[in-house]
Amino acid sequence: MSKKKLVVLTGAGVSAESGLKTFRDSDGLWEGYNIEDVATPRAWRRNPQLVLDFYNLRRKNVLEAQPNAAHIGLAELEKSFDVTIITQNIDDLHERAGSTNVLHLHGEILKMRSEKDHGLVYEIKGDIKLGDMAEDGQQLRPHIVWFEEPVPRIEEAIPIVRNADYFVVVGTSLVVYPAAGLVNYAPWNIPKYIIDKRIPYTSELMNIKAIEKPASEGVRELVALLDGNS
Ligand code: APR
């Protein structure tokens, strides 16, 4: 019998216990940086070095981090479910924990691309420097979706959520669209869970079960709740 489809939308909170900062918590990244200085196309035009410095540091932090129990617990759900992780995160911790089906809505820090041709994408572990060129002779930039840029993979994500048998949200403030809007595509009659150390607002109509705990503990509870349901 084919496995039931379990779709998980994750955000920075799932990687917090791995030592990676979230964006909007009190010690979050956007406390220390202006979005307009480092994460928009205008920032890139105005001061590309500052943007590269910001993402080179993010890449270093990600390479130093390890998946935590939340990433691992979600990966292990593949034994019982057909799991798709839709993540807003640019780290690769879901993949390193063993998840085999991960869709990155906001890009990947371990990739870079031509600033002109978005199809020219390369893997990168070290720093990107000014003057590093793609095959088309154009400057390389982080493979990241910046604010004010389109989110091309949302088109793939919507039908995945629509077809879910179970829907889970972990560690996102649900304030950045279009990613946050994905919750509205989950069928009304399927089991839904949200895990966050501080549950963000969702409409009561969603009928979503809240697990207000850090991601590692929350995923452990989720796994227990789902046990026997596959
Ligand atoms: N366990 C569970 N949840 C946590 C934990 C933890 N240990 N630590 C923090 N959280 C929760 C916070 O309560 C918050 O709801 O994680 C969420 C983090 O929210 P944000 O910092 O806004 O991160 P996210 O929702 O992923 O941001 C979305 O915004 O800046 C852009 O592109 C960036 O992908 C990012 C997008």
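Where is the place of asparagine 207? Select it and you'll land in the loop between S8 and strand S9 (209-211); helices (H or I, at least four residues) and strands (E, at least two) are DSSP runs numbered from the N terminus. Before going on, note that this is a predicted model, where local features need pLDDT of at least 70, side-chain atom pairs count only at pLDDT 80 or more, and totals for chains, interfaces and linings use all residues. Residues are numbered from 1 along each chain as its sequence is written, and side-chain values use heavy atoms, with hydrogens and water left out.

**Stop 1**

Most residues other than glycine have a negative phi, and most peptide bonds are trans. Asparagine 207 has a positive phi, near 55°, and is exposed, at 61% relative accessible area (exposed means over 50%, buried under 20%, partly exposed in between, with a 1.4 Å probe and protein chains only).

Now pick glutamate 148, in the loop between S6 and helix H7 (154-162). Its phi is positive too, near 80°, and glutamate 148 is exposed, at 57%.

Next, select tyrosine 177 and proline 178: the peptide bond joining them is cis, with omega near 10°. Proline 178 sits in the loop between strand S7 (166-170) and strand S8 (192-195).

**Stop 2: the sheet**

Show S4, S5 and S6. They form an open sheet in the order S5-S4-S6, paired antiparallel (two strands pair if DSSP finds at least two bridges between them). Strand S5 (121-123) and strand S6 (140-144) are at the edges with a single partner strand each, so one side of each has no neighbour in the sheet. On average, neighbouring strands are turned by 45° against each other, direction ignored.

Zoom in on S4 (residues 107-114), which pairs with S5 over three bridges. Arginine 113 has valine 121 in S5 as its bridge partner.

**Stop 3**

In H4, click arginine 59. Is arginine 59 buried or exposed? Arginine 59 is buried, yet has no salt bridge (a side-chain nitrogen of Lys or Arg within 4 Å of a carboxyl oxygen of Asp or Glu). The nearest side chain of opposite charge, aspartate 127, is 4.5 Å away (Lys and Arg count as positive, Asp and Glu as negative; His and the chain ends are not counted).

Leaving aside neighbours within four places in sequence, arginine 59 has contacts (heavy atoms within 4.5 Å) including Leu110, Ile124 and Ile128.

Key: Axes fitted to C-alpha atoms, helices over the stretch in contact; angles between N-to-C directions.
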